[in-house]
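Visitor: I am new to protein structures. Could you show me how to read one, step by step?

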Amino acid sequence: MVQATNLGFPRIGGQRETKKQVESYWAGKITEQALDEGAVKLRAENWKLQKAQGLSQIPSGDFSFYDHVLDHSVMFNVIPQRFRHLADGHERTFAIGRGIQKPATETQEKVDIEAQEMKKWFDTNYHYIVPEFENEQTFHLDAQVKTVQEFKEAKALGIHTRPVVLGPLTFLLLGKTAKNSPGLEVLTLLPKLLPVYEELFAKLAEAGADWIQVDEPCLALDLTPAVVEHYRSVYTRLTAAAPSIKFLIATYFGRIGDNVSFIKDSGVAGLHIDLVRSPEQLESVVANLNKTQVLSLGLIDGRNIWKTNLANALKIAKTAVEALGSERIFVAPSCSLLHTPVTLRFEKRLASKNPELFDWLAYSEEKCKEVHIIAQALNHGVESVQAELADNARSIEARRTSSHTTNSAVRERLEAIVPDQLRRRSAFPERQAKQHEAHPLPAFPTTTIGSFPQTKEIRLARSKFTKGEIDAAAYNDFIKQEIAYCVKEQEKLNLDVLVHGEAERNDMVAYFGERLEGYIFSENGWIASYGSRCVRPPIIFGDVHRVNPMTITETVYAQSLTSKFMKGMLTGPVTCLQWSFVRDDIPRSVVCTQLAFAIRDEVVDLEKAGIVHIQVDEPAIREGLPLRAVDFDFYLQWAVDAFLLSTTGVQDTTVIHTHMCYSDFQDIFQAIRRMDADVLTIENSKSDMRILGAFSTHGYNAEIGPGVFDIHSPRVPSTSEMKERADAMLKYIPRRNLWINPDCGLKTRGWKEVRESLTNMVAVAEALRAST
Ligand code: MET
Ligand SMILES: [Zn+2]
């Protein structure tokens, strides 16, 4: 029998219950016990729901309040030095993720601990907390052993689950070394780490687990033969130590490639591969399995919201069944459904207002159903799911032939691109001279990345407006007041290049999507981004184009309130692409170019309206980088071209800024240079200056503002700590090129901390100017 399985279910809850509870807990509104009870309830619902959709292998241990990588760090006692004095429990886990700051009281000294570094999870917009290892690292299982607990919890409900564990190699490879342990090779920690994994697996076996899913997404990366050799020895050892357990190694987000070589003799019982991203790998993987190993087919896209073409998926599955036999086949989503919204059940508006498009969608719940249908068809013949397959075929055909997805004017404009549309008029040095002369600024100019606190009041006004409780005029007035307030605050802070604060934007991509043709919006399509934060990616279903200006009114109004420079703020084409659910019927590069034209039109209009500084954010450009080096160039070519297309329509004196955050930029260094921005503000505050080394070695000559403080943490950075960072930056960056700014937008923070942080930040610039 082919098994219908899943790799992981979203943990946020169909109506973001987890997010709401975690945030209430942080705010002191609910107790730790209530928080735990909420989670128990949600896990039970998720398991039951997956069962009801017909899955036979359901994951457990995939839940998390904050981040599953952080949970593994905690479970294995990988606690950075600065958090070790805190008692174990949620409080400490959250502290590692968010940092903590408490004022001194009579009985207690002040607490001020920086959060642990956060990074993007492979090529997704999910962020994980980076494990930090040191030379003297010890590992042991914590008292809770979350994975075992959750397995038992499901068992008590009568649901036998497949526990999910992050594999030891990926866990180590995703980590970084602590400051006190430079040069530590993380894989040398394996001998110390593996006994703890053995203990964990023994505990799971004792609790009754038979299959365990071990996630090793690093297998989709380019690995050296030495690392693959580690895979071989690690899994040979782990499987021998747990003979009653069947291990399923899960890879996803790309092809396993030659790394598959260790699987055959490693003792593992099965392998999961992503056949959505890399359908071509099926044959070679089949050839590399031994005579009993199971192949889990990732046939349902875990990264997107479109219905699966079940006929196609079934065809692939049948080839696999013919090769291996049905006992050796699992059907599954391509990766954990963490990256897909929970259920279409609450998409009421889309269902009634846009039934055509609604019919094309499948969220996690519906994807579980698709897995089941494929397994049924394989086990009991297509007749057994005739109606489901027919309905799916009808829906796929309707989307394919819909008249709403193509626009011939857009297609023609794309055909007509000429090279001049991809370059500025002069090279950077010449532009810089002209810009400094035409629009002088003090040395070490200060600015922010764009957003200011999205307060309760702002959210309330927006929600009233959306519900029709206030009209557009009232809402626009409200936004104007917010802009005025934000401008005034920045003047008081004495910042040099101001922003309007983005009060009118719920989300930096959705805001533009709502103003572009080709996009549509869900009501409840939330996915986890970091910690408790969720995002609701807009959906690109058709050819994208701009009908009207999108940001001119707000920017021009903001400029009218100040004699300082007002920076226009736009989201770049690659980020719009990356943070949307993108149509899968034309290449991503084409969609990206369509977006680039829309942004280009806006940039040109901002310039016409007298705006001198224009920022086109591309925080997601690194995130879109393919996982394998051979695929880099192709992506970077079209992605950077799209950025250039969007930004080069202006005169030399117009200052183009871009911003990037939370990724390893070293890999795309040449591409960043080719983007040819005049000013690059980049996240750096938690990365220990690693990026700056690359900027100086590779000779980056444009202006740059490596963030001097981390905006994800509620703590207020002191002037001295930021000054220290800025001094270190000056070792790499010439004085005339250094900007002083936070590492990202401030929308998640409160005004009080923002004021305090920026006061300290402006003091850094003043101190730098005073010192020669
Ligand atoms: C994730 S990057 C955010 C950039 C945006 N302009 C902001 O300030 O919020
Ligand atoms: Zn950012």
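Guide: We will go from the overall picture down to single residues.

Guide: Please keep in mind that this is a predicted model, where local features need pLDDT of at least 70, side-chain atom pairs count only at pLDDT 80 or more, and totals for chains, interfaces and linings use all residues. Residues are numbered from 1 along each chain as its sequence is written, while chains are lettered from A and ligands numbered from 1 in the order in which they are written.

Visitor: How many helices and strands are there in the protein?

Guide: Helices (H or I, at least four residues) and strands (E, at least two) are DSSP runs, numbered from the N terminus. Here the protein has 27 helices and 25 strands.

Visitor: What does the radius of gyration of the protein agree with?

Guide: The radius of gyration is taken over C-alpha atoms, and the globule rule is 2.2 Å times the number of residues to the power 0.38. For 772 residues, a compact globule would come out near 28 Å, and the protein has 26 Å, so the two agree. Along the principal axes, the C-alpha atoms fill a box of roughly 75 × 65 × 50 Å.

Visitor: Which domains does the assignment give?

Guide: Domain bounds come from an automatic or database domain assignment. In this protein the assignment gives domain 1 (3-400) and domain 2 (435-770). Their C-alpha centres lie 31 Å apart. The contact between them takes 43 residues from domain 1 and 37 residues from domain 2, where two residues are in contact if their C-beta atoms, placed from the backbone, lie within 7 Å.

Visitor: Which elements give two or more residues to the side of domain 1 that touches domain 2?

Guide: They are helix H1 (17-26), helix H4 (90-98), strand E5 (118-120) and helix H11 (348-353).

Visitor: Which residues surround ligand 1?

Guide: A residue is near a molecule if its C-beta atom, placed from the backbone, lies within 6 Å of it. The residues around ligand 1 include Ile449, Met508, Asp617, His659, Cys661, Cys744 and Lys747. The whole shell divides into six nonpolar, four polar and two charged residues.

Visitor: How do I read burial, and what share of the residues counts as buried?

Guide: A residue is buried if 20 or more other C-beta atoms lie within 10 Å of its own, exposed if 12 or fewer, and partly exposed in between, with C-beta atoms placed from the backbone. Of the 772 residues, 50% count as buried.

Guide: In soluble globular proteins, nonpolar side chains tend to be buried together. A nonpolar core is a set of buried Ala, Val, Leu, Ile, Met, Phe, Trp, Tyr and Cys residues joined through C-beta atoms within 7 Å. The largest one here has 206 residues, and Leu297, Ala317, Val331, Ile374 and Leu595 touch the most other members. Helix H22 (residues 588-608) gives the most to this core, with nine residues. The core draws at least three residues from each of domain 1 and domain 2. Leaving aside neighbours within four places in sequence, the contacts of Val331 include Val2, Leu297, Ala317 and Ile374.

Visitor: Is Lys731 buried or exposed?

Guide: Lys731 has 10 C-beta neighbours inside 10 Å, so it counts as exposed. This residue lies in the loop between helix H26 (719-730) and helix H27 (751-770).

Visitor: And where does Gly525 lie?

Guide: Gly525 lies in the loop between strand E16 (516-520) and strand E17 (527-530). Gly525 counts as buried because it has 24 C-beta neighbours inside 10 Å. Not counting residues up to four places away in sequence, Gly525 touches Ile305, Pro341, Arg536 and Pro537.

Visitor: What is the phi of Phe253?

Guide: Phe253 has a positive phi of about 75°, although it is not a glycine. Phe253 is found in the loop between strand E11 (246-250) and strand E12 (270-274). With 24 C-beta neighbours inside 10 Å, Phe253 counts as buried.

Technical notes
Nonpolar A, V, L, I, M, F, W, Y, C, P; charged D, E, K, R; others polar.
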